Amino acid sequence: MTDCIFCRIIRGEIPSQRVFENEAFVAFRDIHPAAPVHVLLVPKRHVPDLLSLRDDPEGASLMGALADVVPEVARLCGVDRTGFRLVANCGEDGGQTIFHLHFHLLGGRAFGERLL
Ligand code: AMP
Ligand code: ZN
């Protein structure tokens, strides 16, 4: 998508603090960090949101690829031992503001409040 902000970051048209990249994902620091470590894990391919993966022939492999990306980014950011929270906002009630699928990896502080 030409005017999607995350597609533009992935293409290098908008600067970002990139911490990781492989064939399927990039990870860069959130511009408004909600924790000492706040990194966005973003598939290189434009997928609007979590629900779009259901009808995507590569949706399952993309989620599988995430299983490699999460521990690697956690290690690179120094939170693999202390722990972290992984969040995907979906849709309006989920608080999603950028409609290119992404996962927030948050760490470096304790998240006392429980969501469930
Ligand atoms: P969400 O609300 O789940 O869609 O998350 C979007 C996130 O993208 C927010 O946490 C923003 O702070 C972050 N964000 C927006 N623009 C940029 C940017 N140019 N570079 C890094 N993070 C960004
Ligand atoms: Zn995009």
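**Notebook: the sheet and the ligand site**

I began with the hairpin that S1 and S2 form, which has 3 residues between the two strands; strands here are DSSP runs (E, at least two residues) and helices are likewise DSSP runs (H or I, at least four), numbered from the N terminus. The model is predicted, with local features needing pLDDT of at least 70 and side-chain atom pairs counting only at pLDDT 80 or more, while totals for chains, interfaces and linings use all residues. Residues are numbered from 1 along each chain as its sequence is written, chains are lettered from A and ligands numbered from 1 in the order in which they are written, and side-chain values use heavy atoms, with hydrogens and water left out.

I then looked at the pairing of S1 and S2, which is antiparallel over 3 bridges (two strands pair if DSSP finds at least two bridges between them), and I found Phe20 opposite Ala27 in S2.

Turning to ligand 1, I counted 16 residues around it, of which Asp30, Asn89, Thr97, His102 and His104 come nearest; a residue is near if one of its heavy atoms lies within 4 Å. Helix H1 (5–10) and strand S2 (25–29) each supply at least two residues of this shell, and the largest share, 3 residues, comes from H1.

For polar contacts (pairs of N or O atoms within 3.5 Å), I listed the oxygen atoms of ligand 1: one lies 2.5 Å from a polar side-chain atom of Asp30, one is 2.8 Å from an N or O atom in the side chain of His104, and one lies 3.2 Å from a backbone N or O atom of Gly95.

Notes. Polar contact = N/O pair within 3.5 Å; in protein donor to acceptor, adjacent residues only side chain to side chain.
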